[in-house]
Structures are given as structure tokens and as C-alpha cells.
Amino acid sequence: MPYTTSPVLPAGTLRRSPQPVLASGDGLVLRPWRIEDASAVHEAFQDPLMHQWHLMTSGSQAEAAGWVEGWLTEWEGERIAQWAVADAESDLLLGRVALRDIVLVDGLAKIAYWTTAAARGRGVAARATATITRWAFEEIGFHRLELLHAGANHASCRVAAKAGFALEGVKRSAFLHPDGWHDMHLHARLRGD
């Protein structure tokens with residue numbers, strides 16, 4: 001059955017070229033993951049604060065290496081695109097930013113991120129989110145980007161606001177964290193915002 005509208009972004013929009021390296025212009029670089037990042041990823045997931053807001057836990061460096069290997073293949077599938085967030089000078093891993101739940105036909109994706117303990121409080125997540133947002137809108141042509149976080153995660157709420165994502169509402173009891181069900185804040189930006 002034919003649609004009455006054309007796809008916002010056609011299939012192949014992402015995979016037609018290699019995953020780019022994106023400079024924030026303020027000391028960060030968003031780059032594709034490398035296998036050698038596995039030890040830093042494992043270390044990042046030893047932080048108890050990561051376990052408060054993320055469901056994954058890394059039991060070993062080998063397990064983290066498996067994650068990274070998976071992240072490296074996701075670009076081709078055009079459903080998830082993940083970048084390592086690193087210091088532009090030292091290449092020290094500071095976190096991760098991703099476009100998840102990509103729906104090219106609708107020009108829609110969700111932004112996700114985390115930062116290492118050493119990177120927190122330095123604006124890394126907000127700067128990485130702003131960088132990926134600019135690229136998604138200006139270079140690729142996405143129409144809408146969403147950002148969800150637990151309502152109790154005040155730091156993520158600040159990241160969303162700093163990156164220009166308006167709070168659109170609350171999804172009640174929408175995500176199960178280790179301490180129980182959490183309401184989720186839904187923030188979004190449109191291409192013209």
C-alpha cells in the first residue's frame with residue numbers, strides 16, 4: 001500500500017558513507033568507537049552512579065569489548081548510531097552519545113548519552129548532545145530529535161535544557177530502573193528550533 005507522503009530520509013542515508021568524526025569546536029571530538037576503548041568503557045561502568053540510571057553493568061573488560069564490537073556494526077543497520085566522546089587533544093574517553101531508535105522514514109531519533117565520572121560537571125554531555133544535534137539536523141536532515149531521562153535524574157534534565165531540548169511532558173511510570181519504576185521526562189527539538 002503506497003504512502004501519501006515521501007520518506008523524510010530515505011533508507012541508506014547513514015550507511016552510504018562511513019560514520020563521521022564530529023568536532024564540537026570546544027575541546028571534544030565525537031568519533032566512532034574503537035576496540036581499544038573497551039578498558040575505559042569497563043572502567044566507566046564500575047561507577048555506582050552509572051548503575052543508578054543505566055541498566056547495563058560491565059562484569060569484565062572482555063564483556064565491554066563485546067559491547068564495543070556491537071557498537072561498531074550498528075551504523076550499517078541505521079537504527080542506532082553511537083559515538084565515543086573524547087577529549088580532542090588527549091583522546092581520553094569522556095563518555096558516549098548516540099542516536100537511538102532511528103526511524104529514517106519519519107526523520108526521528110532519540111538522543112542518549114553517558115559520561116565518565118571524571119567528565120561530570122564539565123558540560124561534556126550537553127556539548128556532545130549539541131554537537132550530535134547540529135549534525136543530525138544540518139548535515140543529515142532529521143526532522144525531530146527526542147531525549148528521555150528519568151524525572152529524578154536532575155543532571156540529565158539540565159543537559160537537555162542546555163542543549164535546547166524543550167520539556168514536552170512526563171511519561172508516567174515508563175521505565176524500570178533497579179530501584180523501581182520511574183516517570184520519564186520527554187524533551188524534544190525540531191529541525192527549525
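I call a residue buried under 20% relative accessible area, exposed over 50% and partly exposed in between, with a 1.4 Å probe and protein chains only. By that rule W75 is buried, at 5% relative accessibility.

Ground rules for these entries. The model is predicted, so I took local features only at pLDDT of at least 70 and side-chain atom pairs only at pLDDT 80 or more, while totals for chains, interfaces and linings use all residues. Residues are numbered from 1 along each chain as its sequence is written, and side-chain values use heavy atoms, with hydrogens and water left out.

**Entry: helix α4**

I took helices (H or I, at least four residues) and strands (E, at least two) as DSSP runs numbered from the N terminus. Helix α4 covers residues 124-140. I checked its length against the expected span, which is 1.5 Å times one less than the number of residues. I then looked up burial: 13 of the 17 residues are buried, so α4 is largely enclosed by the rest of the structure. Just after α4, G141 has a positive phi of about 100°.

**Entry: aromatic pairs**

I counted rings of Phe, Tyr and Trp (its six-membered ring) as paired if their centres lie within 6.5 Å; planes under 30 degrees apart are stacked, over 60 edge-to-face, and the rest tilted. The whole structure holds eight such pairs. One of them is F45 with W67: the centres are 5.1 Å apart and the planes at 80°, so this pair is edge-to-face. F45 is in the loop between α1 (38-44) and α2 (48-53), and W67 is in helix α3 (residues 61-77), 22 residues apart. F45 is buried at 3% relative accessible area, and W67 is buried at 13%.

W75 and W135 form a tilted pair, 6.2 Å centre to centre with 40° between the planes. W75 lies in α3 and W135 in α4, so the pair ties together parts 60 residues apart in sequence. W135 is buried too, with a relative accessible area of 9%.

I also noted one aromatic cluster made of W33, F45, W67, W71 and W114.

**Entry: nonpolar cores**

A nonpolar core here is a set of buried Ala, Val, Leu, Ile, Met, Phe, Trp, Tyr and Cys residues joined through side-chain atoms within 4.5 Å. The largest has 34 residues, and L99, W135 and F142 have the most contacts inside it. Elements giving two or more residues to this core include β4 (93-103), β5 (108-115) and α4. The largest share, nine residues, comes from α4. I listed the contacts (heavy atoms within 4.5 Å) of F142, leaving aside neighbours within four places in sequence; among them are L9, L99, A136, F137 and R191. A second, separate core of 14 residues includes V41, A44, F45 and A64.

**Entry: two serines**

S24 lies in the loop between β1 (22-23) and β2 (28-31). S24 is buried, with a relative accessible area of 12%. Not counting residues up to four places away in sequence, S24 touches T131 and R134.

S6 is in the segment before β1. Is S6 buried or exposed? At 62% relative accessibility, S6 counts as exposed. The C-alpha atoms of S6 and V105 are separated by 7.8 Å, although these residues are 99 apart along the chain.
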